[in-house]
Every structure is written in structure tokens, then in C-alpha cells.
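Please read them with the coordinates open.

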Amino acid sequence: MALDMLVVDDSPVTRKMVRRAIGLCGLEIGQVHEAGDGAEALARLAEHRVDMVLADINMPVMNGMELVERMSGDPVLSRIPVIIVATPMSEQRIERLLDIGARAYLAKPFRPEALKDLVLEILGKGESHG
Amino acid sequence: MADPTPELLTDILGTVFQETAFMFVEPAEEPDQWDPTVFSATLAFESVRGGTLRLTAAVPVGVELAANMLGCDAADPEAVENGRAAISEVLNVIGGAFVTRYFGTKVPSQLGLPQAALEPRVAPAKRTAAASVRAESGDPILLELDLE
């Protein structure tokens, strides 16, 4: 089944770069929607059903942290996994993001294969390393 | 804590350009003169100490960055249009790499939002350290740090 995704980043170049990485990573991808901040992301999520959200943290209007909090507090949106794709950050901040509902964190810059591995892991299709 | 060295900034600059946009850079003398307009981006940060990072690059560097990040040719209008945004995003990644490598990942750090423009080069009033490199094309790139 093709995955529909929402890419949230205030940088248009990064949104396109993430789209490109998604295309290169070998997953079956359906529609890829874009939003420039957390508030736009919530508007897109009201219009489109997506299987996964890839979101930056450092954004104007509504940052990624608030987006994750808002999604976690919504009975429907809380079911959509969020991968944070952001610049390197402190361990405390990563823990906080995972605590409030983000499913994973991927540091920029990243390889398409790393994104693919995370997506498959979240979908429960990843290789077992245990 | 000792101030960051130019070598640290050079290493971060080289790594981020390579990993973000497959661009290789090498250390070079800081240019005496710049083109009339350059891409200039600034990024404020807060951590154990606050400060500002400033990235200055010749216009072709921004266009090549955008082309490589978008997977298009440097002559493509999309690359030309996105040069400023590419410089801004690269400084954002440099900022994250700098605060986690210099201050560590155990302390809270916060990046501001990068501001980028196409404008004449204006040297900052003061700086703690700087790294000057050249792209393979020979075009200059300068990363300057001002720690409070």
C-alpha cells in the first residue's frame, strides 16, 4: 500500500529535499503534501488523510514541538506517527519530543536509507536487531 | 571553556556542505574583496553561552547548494530562485552541529530562525572565530562566530 505523507518545514528547499529523499528511499509513496509550519500542517491534516508526518522543529508561527503536542492531544491525529527531521539537538530536547508523542528523531543531514529504515521500523516492517 | 577554534568551524563547515549538498570545500585565505552582492545568513543561538553565526557565500555557491539539494542543474531557474533558501538551511544545520559539538548534547541549546539575504558583504562588528574556505569552483565561503 502506498504511503501518503506530510512534510512540514519552513524551508522550501528542505521540503523539496525531503520529498526527493522520500522518492529515492525505495518505499512505495502515494501523495506527499507540504506545510511551512505547524499551523499549516494542522490545516493540511484536516484536509487530507496521511500515514505519516515528517516535521522540522525550528519553525515560525507554530514550531514542531507544539505541532506534536497538538497532534498527541487529538484522538484522530494522535494515531499518525510523527518523525522529527531536524538539526542536531540536545538529548533533553529529543527525550522531551519522544515523551510528548513523536515516534522518532532523524538528524539533518540524513541519508535516504536512514529515513527508509525509520519508516519501516515505525510501520513494524523493519529488520529485527534484537 | 576555551573559545571555539577556527579548525572546529572549518570542520563543521566542510562536513555540513559535504553531507547536505555533496559539495567539497577546502581551507583558504579570507578574501580581501567580495563580489558586490553575496548571500549572507545569520543565526542566533542560546546555550551555555549565546551567540550568533554568520555565513557569507558568493552567489554561485548558493545556487550550487540549491541545485545539489534539489537534484537539479545549477542553470535551472529553480536552483537560482532557491539560492538564498539553501544558504539559510545550510546555516541552520551548521548551527545545530555547532551547538551540539561545542557545548555538547547534555545541555539545553536553542537555535533561532536563520535570516538570509542577497546583499553587499558587511563585516560583523566583532567575532570570536572564523573559518574561510573555497568551493571547488573557487568561490569563497566564510563562517563567522560571535560568542557573547
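Which residue of strand 7 of chain B does B:Gly51 stand opposite? The residue is B:Leu147. The model is predicted, and the points below should be read with that in mind.

1. Strand 3 of chain B and its partners. Strand 3 of chain B, residues 51-57, pairs with strand 7 (residues 140-147) of chain B in the antiparallel sense, over seven bridges. The pair B:Gly51 and B:Leu147 belongs to this pairing. Strand 2 (residues 38-46) of chain B also pairs with strand 3 in the antiparallel sense, again over seven bridges. Here B:Leu43 stands opposite B:Leu53. Strands 2 and 3 of chain B form a hairpin, with four residues between them.

2. Burial of that strand. Six of the seven residues of strand 3 of chain B are buried, so the strand is largely enclosed by the rest of the structure. B:Leu55, which is found in this strand, is buried because 28 other C-beta atoms lie within 10 Å, and the cut-off for a buried residue is 20 or more.

3. Surroundings of B:Leu55. Leaving aside neighbours within four places in sequence, B:Leu55 is in contact with B:Ala41, B:Ile87, B:Val90, B:Leu91, B:Ile94 and B:Leu143. The C-alpha atoms of B:Leu55 and B:Ile141 are separated by 7.3 Å, although the two residues are 86 apart along the chain.

4. The largest nonpolar core. This core has 76 residues, and B:Leu13, B:Ile87, B:Val90 and B:Ile94 touch the most other members. Helix 4 of chain B gives the most to the core, with eleven residues. B:Val90 touches B:Val16, B:Phe17, B:Thr20, B:Leu55 and B:Leu65, not counting residues up to four places away in sequence. As background, nonpolar side chains tend to be buried together in soluble globular proteins.

5. The contact between the chains. On the chain B side 24 residues are in contact with 18 residues of chain A. Helix 1 (6-21), helix 2 (59-70) and helix 4 (83-102) of chain B each supply at least two residues of the side that touches chain A. Helix 4 of chain B gives the most to this side, with ten residues. By type, the chain B side divides into eleven nonpolar, ten polar and three charged residues.

6. The β-α-β unit of chain A. Strand 1, helix 1 and strand 2 of chain A make a right-handed β-α-β unit. Strand 1 (residues 3-8) and strand 2 (residues 29-35) of chain A run parallel and are joined by five bridges; A:Val8 stands opposite A:Ala35 in strand 2. Strand 1 of chain A also pairs with strand 3 (residues 52-55) of chain A, in the parallel sense over four bridges. In that pairing A:Val7 stands opposite A:Leu54.

7. Helix 1 of chain A. This helix covers residues 12-24, which makes 13 residues, and reaches 18 Å from its first C-alpha to its last, close to the 18 Å expected at 1.5 Å a residue. Its buried residues include A:Val13, A:Met17, A:Val18, A:Ala21 and A:Ile22, and also A:Thr14, A:Arg15 and A:Lys16. A:Gly26, which follows the helix, has a positive phi near 85°.

8. Backbone geometry to check. Most residues other than glycine have a negative phi, and most peptide bonds are trans. Which residues join through a cis peptide bond in chain A? They are A:Lys108 and A:Pro109, with omega about -10°. A:Pro109 is found in the loop between strand 5 (104-107) and helix 5 (112-122) of chain A.

9. Positive phi outside glycine. A:Val61 is not a glycine, yet its phi is positive at about 65°. A:Val61 is found in the loop between strand 3 and helix 3 (64-72) of chain A, and counts as exposed because it has 11 C-beta neighbours inside 10 Å. B:Phe22 also has a positive phi, near 55°. B:Phe22 lies in the loop between helix 1 and strand 1 (25-27) of chain B. Is B:Phe22 buried or exposed? B:Phe22 is exposed, because 12 other C-beta atoms lie within 10 Å and a residue with 12 or fewer counts as exposed.

Definitions and conventions:
Residues numbered from 1 in each chain as written. Chains lettered and ligands numbered in written order. Predicted model: local features only at pLDDT ≥ 70, side-chain atom pairs only at ≥ 80, totals over all residues. Expected span 1.5 Å × (residues − 1). Contact = placed C-beta atoms within 7 Å. Nonpolar A, V, L, I, M, F, W, Y, C, P; charged D, E, K, R; others polar. Core = buried A, V, L, I, M, F, W, Y, C linked by C-beta atoms within 7 Å. Pairing = 2+ DSSP bridges. Right-handed = clockwise from strand over helix to strand, strands pointing away.
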